[in-house]
Amino acid sequence: MWNGKITDELKMLACQYAEKHYGVSPASYDELNYDAMSYEDFVGYIKECLATGKEMPEVVPIW
């Protein structure tokens, strides 16, 4: 779960992501380490998902 800052941009991107992925939030994947992501990384991953149609686990590198 994402516990970082929440901005209007992030809210908008998260809504767009959920619309494309059957209501799933980009912050709801248990296998991702959100604490290791900066805000900029998180937003960038969401944007990549929106551009490619992939889900977060497919674009976030595993650390």
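Trainee: Which backbone oxygen does the side chain of His 21 reach?
Mentor: The backbone oxygen of Lys 54, at 3.3 Å. Keep in mind that this is a predicted model.
Trainee: What else is His 21 in contact with, leaving aside its neighbours within four places in sequence?
Mentor: Gly 53 and Glu 55 join Lys 54 on that list.
Trainee: Where does His 21 lie?
Mentor: In the loop between α1 and α2. Helix α1 covers 8-20, and α2 covers 39-52.
Trainee: Is His 21 buried or exposed?
Mentor: Buried. Its relative accessible area is 8%, and the cut-off for buried is under 20%.
Trainee: And Tyr 22, buried or exposed?
Mentor: Tyr 22 is exposed, because its relative accessible area is 82% and anything over 50% counts as exposed. Tyr 22 also lies in the loop between α1 and α2.
Trainee: What about phi of Tyr 22?
Mentor: Phi is near 55°. That is a positive value in a residue other than glycine.
Trainee: Back to Gly 53. Where does that one lie?
Mentor: In the loop between α2 and α3, with α3 spanning 56-59. Gly 53 counts as partly exposed, at 48% relative accessibility.
Trainee: How far apart are Gly 53 and Lys 20?
Mentor: In sequence, 33 residues. In space, 7.6 Å, C-alpha to C-alpha.
Trainee: Switching to Cys 15. Which helix is it in?
Mentor: Cys 15 lies in helix α1. It counts as partly exposed, with 48% relative accessibility. The C-alpha atoms of Cys 15 and Ser 25 are 7.7 Å apart, and the two residues are 10 apart in sequence.
Trainee: Now Lys 47. What is it in contact with, beyond its neighbours within four places in sequence?
Mentor: Glu 9 and Leu 13. Lys 47 itself is found in helix α2.
Trainee: What is the relative accessible area of Lys 47?
Mentor: It is 41%, so Lys 47 is partly exposed.
Trainee: And how far is Lys 47 from Val 60?
Mentor: They are 13 residues apart in sequence. C-alpha to C-alpha, the spacing is 12 Å.
Trainee: Let's zoom out. How many helices and strands does the protein chain have?
Mentor: It has 3 helices and 0 strands. From the N terminus on, the order reads α-α-α.
Trainee: What share of the residues is buried?
Mentor: Of the 63 residues, 35% are buried.
Trainee: And what part of the contacts comes from residues 24 or more positions apart?
Mentor: Among contacts with a separation of 6 or more, 62%.
Trainee: What about the accessible surface of the chain?
Mentor: It comes to about 4,100 Å². Carbon and sulfur atoms hold 52% of that.
Trainee: Last topic, charges. How many positive and negative ones are there?
Mentor: There are 5 positive and 11 negative charges. Their mean positions are 7 Å apart.

Methods. Residues are numbered from 1 along each chain as its sequence is written. This is a predicted model: local features need pLDDT of at least 70, side-chain atom pairs count only at pLDDT 80 or more; totals for chains, interfaces and linings use all residues. Side-chain values use heavy atoms; hydrogens and water are left out. Helices (H or I, at least four residues) and strands (E, at least two) are DSSP runs, numbered from the N terminus. Buried means under 20% relative accessible area, exposed over 50%, partly exposed in between (1.4 Å probe, protein chains only). A polar contact is a pair of N or O atoms within 3.5 Å; within protein, one must be able to donate a hydrogen and the other to accept it, and residues adjacent in sequence count only if both atoms are side-chain atoms. Contact means heavy atoms within 4.5 Å. Accessible areas come from the Shrake-Rupley method with a 1.4 Å probe; for residues, only the protein chains shown count as cover. Lys and Arg count as positive and Asp and Glu as negative; His and the chain ends are not counted. The place of a charge is taken as NZ of Lys, CZ of Arg, CG of Asp or CD of Glu.
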